[in-house]
Amino acid sequence: MLGKLIKHELRHSARYTMAIYAAVIVISAVMGLSLLSSATWLGVMSCGALYLTGIIAVIVTLVSVIKNFYDTLFGRQGYLTLTLPVKCSSLLISKVIVSFIWIVASFALMALTMIMIFFYAKEKSSGYFSMMSEAISLSGILELLPSASTVVKLLTVAAIWAVITIFTYVSFVYFTVTVANTRAFQSHPKILGGLVFLGIFSLNNTVGNMLTAYLPLSFNLGNDTVYFAFQQMDKVQDALFSYGVGGTVFSGLLALGLLFLTGYILENKVNLK
């Protein structure tokens with residue numbers, strides 16, 4: 001049943017995002033054609049449009065996560081959705097998974113647009129980039145770069161951090177929208193819901209920053225290694241870079257707790273309009 005819910009959710013939410021993805025494809029094609037022509041202005045305009053489209057894709061996706069959650073559970077569709085013979089927890093999990101997929105896709109798309117712009121600029125300024133590459137090689141900077149295995153470890157940790165960050169955003173939004181649609185908040189749902197979100201956001205930032213700074217748990221980058229240490233980040237002596245992970249752990253646990261609370265409210269306290 002969960003698979004069917006995810007499939008339906010993907011199909012339903014695609015209408016908010018596929019248009020912007022199609023725009024990226026069209027603009028990318030224009031950039032490709034501009035490489036074959038001598039019209040520099042066409043390439044410059046295409047790069048600008050591609051850059052803006054990548055940013056808009058992320059914004060549209062983040063907003064659509066909120067809109068889709070509200071429409072399907074608390075709008076007119078909510079009467080049908082919440083009467084389906086499935087648990088609210090299954091509905092919630094499917095929405096979290098699909099929202100996560102779309103957010104990752106939007107950030108991947110934005111990264112792809114940046115890469116395309118970079119290679120376009122490199123193609124148009126091949127001589128300049130060759131001079132830069134030679135200067136970097138002569139400066140010895142490349143010798144200071146970490147090994148391939150270290151880069152893989154760094155990317156793995158960065159991916160885990162990104163997963164927790166996206167999960168935190170989704171859980172904050174879902175909890176806020178759900179609380180705003182209970183009887184206690186029905187007089188001014190948008191204002192009170194906004195205050196709830198600000199409160200959660202402030203709590204996460206305040207406690208997270210304190211734990212990041214003072215909890216003896218840090219992620220460190222050495223000369224050619226990546227490791228965790230049970231030390232505060234400012235007390236690690238042999239690291240080139242150190243980051244306290246206490247705040248990230250707290251954000252993940254807070255997001256998980258809010259998601260469970262959201263499921264409980266959906267099951268027992270929801271107030272459909």
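## Confidence

Over residues 138-142 pLDDT stays under 50, and for this stretch the model has three contacts beyond four places in sequence. The structure is a predicted model. Where pLDDT is low, the predicted coordinates should not be read in detail.

For the chain as a whole, the mean pLDDT is 75, and 75% of the residues reach 70 or more. Helix 5, residues 126-139, has the lowest confidence, with a mean of 51. The highest is found in helix 8, residues 246-268, at 87.

## Overall architecture

The chain contains eight helices and three strands. Their order along the sequence is α-α-α-α-α-α-α-β-β-β-α. Of the 273 residues in the chain, 37% are buried.

Contacts with a separation of 6 or more are made up, to 71%, by residues 24 or more positions apart. The accessible surface of the chain is about 16,000 Å², and carbon and sulfur atoms account for 73% of that area.

## Helix 7 against helix 8

Two packed helices are described by the angle between their axes and the distance between the axes. For helix 7 (residues 189-214) and helix 8, the axes come within 7 Å and cross at roughly 145 degrees. The crossing of helix 7 and helix 8 is right-handed. On the helix 7 side, the contact is made by Ile200, Leu203, Asn204, Val207, Gly208, Leu211 and Thr212. Helix 8 contributes Gly246, Gly247, Phe250, Ser251, Leu254 and Leu258. By residue class, the contact of helix 7 with helix 8 has seven nonpolar residues, six polar residues and no charged residues.

Pro216 lies in the loop between helix 7 and strand 1 (218-221).

Leaving aside residues up to four places away in sequence, Pro216 touches Ala229, Phe230, Gln231 and Gln232. Pro216 and Gly244 are 28 residues apart in sequence, and their C-alpha atoms are 7.8 Å apart in space.

Tyr227 belongs to strand 2, which spans residues 226-229. Its relative accessible area is 22%; buried requires a value under 20%, so Tyr227 counts as partly exposed. A C-alpha to C-alpha separation of 9.7 Å is found between Tyr227 and Leu154, which are 73 residues apart along the chain.

Ile97 is placed in helix 4, residues 88-124. The relative accessible area of Ile97 is 31%, and this residue is partly exposed. Ile97 and Val170 are 73 residues apart in sequence, with 9.7 Å between their C-alpha atoms.

How values were computed: Residues are numbered from 1 along each chain as its sequence is written. This is a predicted model: local features need pLDDT of at least 70, side-chain atom pairs count only at pLDDT 80 or more; totals for chains, interfaces and linings use all residues. Side-chain values use heavy atoms; hydrogens and water are left out. Helices (H or I, at least four residues) and strands (E, at least two) are DSSP runs, numbered from the N terminus. Buried means under 20% relative accessible area, exposed over 50%, partly exposed in between (1.4 Å probe, protein chains only). Contact means heavy atoms within 4.5 Å. Accessible areas come from the Shrake-Rupley method with a 1.4 Å probe; for residues, only the protein chains shown count as cover. pLDDT is the predictor's confidence in each residue, from 0 to 100. Axes are lines fitted to C-alpha atoms, for helices over the stretch in contact, and angles run from 0 to 180 degrees between N-to-C directions. A crossing is left-handed if the near helix is turned anticlockwise from the far one by less than a right angle, and right-handed if clockwise. Ala, Val, Leu, Ile, Met, Phe, Trp, Tyr, Cys and Pro count as nonpolar, Asp, Glu, Lys and Arg as charged, and the others, Gly among them, as polar.
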